[in-house]
Amino acid sequence: MSLTGQSKKRISPTQNIKVVVRVRPLSKDEIEKKVRAVVSCVSLKEIQTKEKKYHFDRVFQPDSSQMDVYSYVVAPMITDVLEGYNCTVFAYGQTGTGKTHTMTGGDPTLSSNVHWKNDELAGCIPRAAANIFDEIGLMDAVDFNVRVSFLELYNEEVRDLLSEEERPSPLNLFNDSKGSVYIQGLNEITVFSSQDIYGLLQKGTHKRQTASTLMNNHSSRSHTVFTITVHIREVTLTGEDVLKTGKVNLVDLAGSENIAKSGAKDKRAQELANINRSLLTLGRVIQILAEKNNKHVPYRDSKLTRILQDSLGGNTKTCIIATVSPSSSSYEETQSTLEYACRARDIRNTPTVNEKVTKTQMIKDMGHEIEKLKRDLEAARTGTGVYIDKENWEQLNTDIQATNYTLTLKNEVIEEMKKKVSDLEIIREKKIKEFDQVMNVCKTKDKIIDKAKTMLSKMNVNLKQEQYVSEYYAHTATETSMKAKELFETTKKLSSNQDILQKKLENQYYNNYTNEKIIKEKGNTLSQNIAASLNEEEVLRNITTSSLNNLKLNLDSIKIAQSDAVQALKLNFESDTMTSIDKIFTKNTDFITEKVSGINTSVEESQKKIDAMLGFVDVQSETCKSVSTKFKTYNHTYASQVRTASDLLSNIYKRLKEQRQNEEKVLQDLERFTDITKNRIQELDFIINAVDNSNVLKETDNCLDEQRADIEQGISEIQRTTNVISDKLKENRISLDSHRDGCLKFESELISSCEEIKEHIVKVEKNNLDVIQSHSIDVTTKVEEAIRDSNILMEQIDTHLTTSETLLKNMDNIINQDIMTNIIPVKRGGDTPKQNALNLPKRVGEGTLPRDVLVKRFKEEFSKNVENESFHLNISTDSILPLEDDSINSIEDHSRHSESLNCSNKSHN
Ligand SMILES: Nc1ncnc2c1ncn2[C@@H]1O[C@H](COP(=O)(O)OP(=O)(O)OP(=O)(O)O)[C@@H](O)[C@H]1O
């Protein structure tokens, strides 16, 4: 039987294995002994011990029913099994915590009177059996096959609990060609109802090895695996028969307590070592899988882990039920079970649906198997098989086993590689996600950059536009001044022409006057002649009168014509020149007004800037003030500190001085005392000598000797005292010296620290001053720049105003003096002079364009030349200004008119 074999087809996403905890209620014994419960279920997912809180997929309280556990853990797996998944449920925990109670339940044989859902004692295995048959029963007319196997793993030996043998021999584990674990000779019994399964469960349970331990008389020391395999026949859309296979392994593990505590000895200890070997290996496997560090997973180190390989980190849907006791006596085990279960939560499986096998393929496989068996039977019956020596046979078997082992190892390596690949795949996916995120960030950044670029280009265009407009205005200003000059020249010429015209008129009048005079003289001569000749007087008078009348008429007509011509000339000149001057004036006024408003705006802006600068200056001055206040405070503190330090020093000096004075005084006293002592000694010597010399007093020798001895003793004592005092004084002096040195050192340190503080203050002050200076320089520069700008603007305004004033004055002069005065007829005569040709400025009437027109023009030009990198707009008035020829025409008309007038005058002459 293969526990794990089936090639896989549909892969579900990788998922953590499910881990739940079931807390058993306190037993009667425990209640009687008043054992304390040391674990509490905080919520549906949390359990609290004395030390720690643990989180699981689900926590079942002591009063949870069997059905509660089944509904949450196994029921969803039945649906998965029928869909073709392999599922495994482990019960893990200390002996006596309810593993068997959870997996098998009170009585493995369910009563047929009660529905399995209502049976209180039934564990997961009988419920799963009933559930599977219920589910199959709900399916419409399907062919199915349900098989059951039940094995026990005891002392690292696999035994078939459904074997007919009384004491079944251990079974071998093999890895088949697909790398799955295969248990040779394990019975898989086909069942047709849930009752069949209950029977087999009961049969197997009887066979289960049990052993007594000190902890629980009924506890099982073996692991059991109860497997229900379901094959369902399906017909594909193409009409082909396929077989869908799914199975559920229900595992009841041996108790997880340690050997020492169990108190087992000798053979039992060996058993426990083996049992623990499986559990220890299971623990290591769980640890390595949970750590996800791609270490070798030691599935092969125990039979239990080999059998359950696929359920841990494989393709199976797995759930671990950790059973714990609430009793304080089991606290350590409970804690270790919870830690173990917690670790297992990190194991990830990739559940995969078993591949559906076609009927043809199955028949083919079975046919091959039958053929093989037939051949073996035939060979055994006829003796035609291959006979080899036993040793060779064993060698061959060993070789096969070794090869199989190598193969298995290779398969394991392959599996590991696959795992690594899948891990790498996960990492790759993560990296791709990260890369995508980075790319998204980059895209966002790109968008921001693009926006910034667009803004920049817009700003560039605006800048160019502003340059264009300002250049244009500058250019127009120059042009205007030039035009004004030309106009001035023209006006001058016009005035000289006016003079000439006046002269012409004067000449005309003079000629007329002369003519009149001559006519009058001639008339007088004629009348004289008529008077002389009386006969002809009447006739001659008539002739003369008519001639005079004619002449008068002629003269009048000439006068009228001339005055008309002058009037017309005057009117023409006035209207044309005035119109053109008006136009220029209006345009210039507009231009000036616009400029003035622009300049006003600039001045306002400058004013605002200056205000802002002044504000900034105010802030800076405030900062300066606060800095200087701080500096003052700092200085003050520093001065007071220096003062305190100097006071301290002077105190120390004073004390030192006093001490020195005291010392000197003591020394002086000592010296005086020494002198006195010396004198006393001398006196005594003198007395002794005197005594020595006197015989009378020899009697008192002894007494004197005694006195001398006393005195000598006193002297020596005095000397000793003096020595002691001098030693003390020396010591005192040394200590004073060291004290003085210390004071001096302190003083020098104080001075140096004061110097440092001073330097620091100076530095800070300098820095502050530098900062303030640089700020004020900046501010001053900016203010000066702003003032300079505004001055320039004011100058420009002044220049414009002066120019316009000059223009106005010139025009006034032209109108008031040159034209109006010179037009009055002069009573002098002369020859009509030749007329001077006027050199008028071509576009004397041109004004400046409004800003919006300029901007529009700039945009047109810019859009045309946008491709050209070195694009530069031509702002010459030839290219941008429209021709406004009214003024030119008027002046040309005027000159034409003058010419015609000249001609008419000539004809008159
Ligand atoms: N949730 C529970 N409710 C009621 N009784 C329980 C529960 N869990 C366990 N018990 C009782 O505790 C005793 C021990 O339980 P059980 O035999 O299932 O423990 P075990 O973990 O399987 O022990 P072993 O490892 O020795 O097989 C039994 O009498 C069982 O009925």
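Predicted model: local features only at pLDDT ≥ 70, side-chain atom pairs only at ≥ 80, totals over all residues.
Reader: How many helices and strands does the chain have, and what share of its residues count as buried?

Author: The chain has 17 helices and 19 strands. Of its 909 residues, 35% count as buried. The chain exposes about 54,800 Å², and carbon and sulfur atoms supply 54% of that area. Among contacts with a separation of 6 or more, 77% are between residues 24 or more positions apart.

Reader: How should I read the length of a helix, with helix 10 as the case?

Author: The expected span is 1.5 Å times one less than the number of residues. Helix 10 (331-344) has 14 residues and should therefore span 20 Å, which agrees with the 20 Å between its end C-alpha atoms. Just after helix 11, Gly383 takes a positive phi of about 70 degrees.

Reader: Which residues of helix 10 are buried?

Author: Buried here means under 20% relative accessible area. In helix 10 the buried residues are Tyr331, Glu333, Thr334, Gln335, Thr337, Leu338, Tyr340, Ala341 and Ala344.

Reader: Where is Ser325 found, and what does Ser325 touch?

Author: Ser325 is found in the loop between strand 16 (317-324) and helix 10. Ser325 counts as buried because its relative accessibility is 1%. Leaving aside residues up to four places away in sequence, Ser325 touches Arg24, Glu30, Val39, Thr97, Ser330 and Thr334. Thr334 is itself one of the buried residues of helix 10. A polar atom of the Ser325 side chain also lies 3.1 Å from the backbone nitrogen of Ser327.

Reader: Where does Asn315 lie?

Author: Asn315 lies in the loop between helix 9 (303-307) and strand 16. With a relative accessible area of 23%, Asn315 is partly exposed. The C-alpha atoms of Asn315 and Val353 are separated by 8.3 Å, although these residues are 38 residues apart along the chain.

Reader: How many salt bridges are found, and what do the side chains of Lys356 and Glu234 do?

Author: Side chains of opposite charge can pair when their charged atoms come close. A search of the whole structure finds 16 salt bridges. In one of them, the side chains of Lys356 and Glu234 meet at 3.2 Å, N to O. Lys356 lies in the loop between strand 18 (352-354) and strand 19 (357-358), and Glu234 in strand 14 (residues 223-235), so the pair ties together parts that are 122 residues apart in sequence. Lys356 is partly exposed at 36% relative accessibility, and Glu234 is partly exposed at 25%.

Reader: What separates Lys431 and Glu434 in helix 12?

Author: Lys431 and Glu434 are separated by about one helical turn, because they are three residues apart in helix 12. Their side chains meet in a salt bridge of 3.9 Å, N to O. Lys431 counts as partly exposed at 49% relative accessibility, as does Glu434 at 40%.

Reader: Which residues are linked in a network of salt bridges?

Author: The network links Asp143, Arg233 and Asp241.

Reader: Which residues make a nonpolar surface patch?

Author: Trp393, Leu396 and Ile400 make a nonpolar surface patch of about 300 Å². Trp393 is found in helix 12 (residues 390-532). Its relative accessibility is 45%, so Trp393 counts as partly exposed.

Technical notes
Residues numbered from 1 in each chain as written. Heavy atoms only, no water. Patch = residues over 30% accessible without salt bridge, like charges linked within 9 Å, V, L, I, M, F, W, Y side chains within 5 Å. Areas by Shrake-Rupley, 256 points an atom, 1.4 Å probe, with all protein chains shown as cover. Salt bridge = Lys/Arg side-chain N within 4 Å of Asp/Glu carboxyl O. Helix = DSSP H or I, 4+ residues; strand = E, 2+ residues; numbered from the N terminus. Buried < 20%, exposed > 50% of the residue type's maximum accessible area, 1.4 Å probe, protein only. Polar contact = N/O pair within 3.5 Å; in protein donor to acceptor, adjacent residues only side chain to side chain. Contact = heavy atoms within 4.5 Å.
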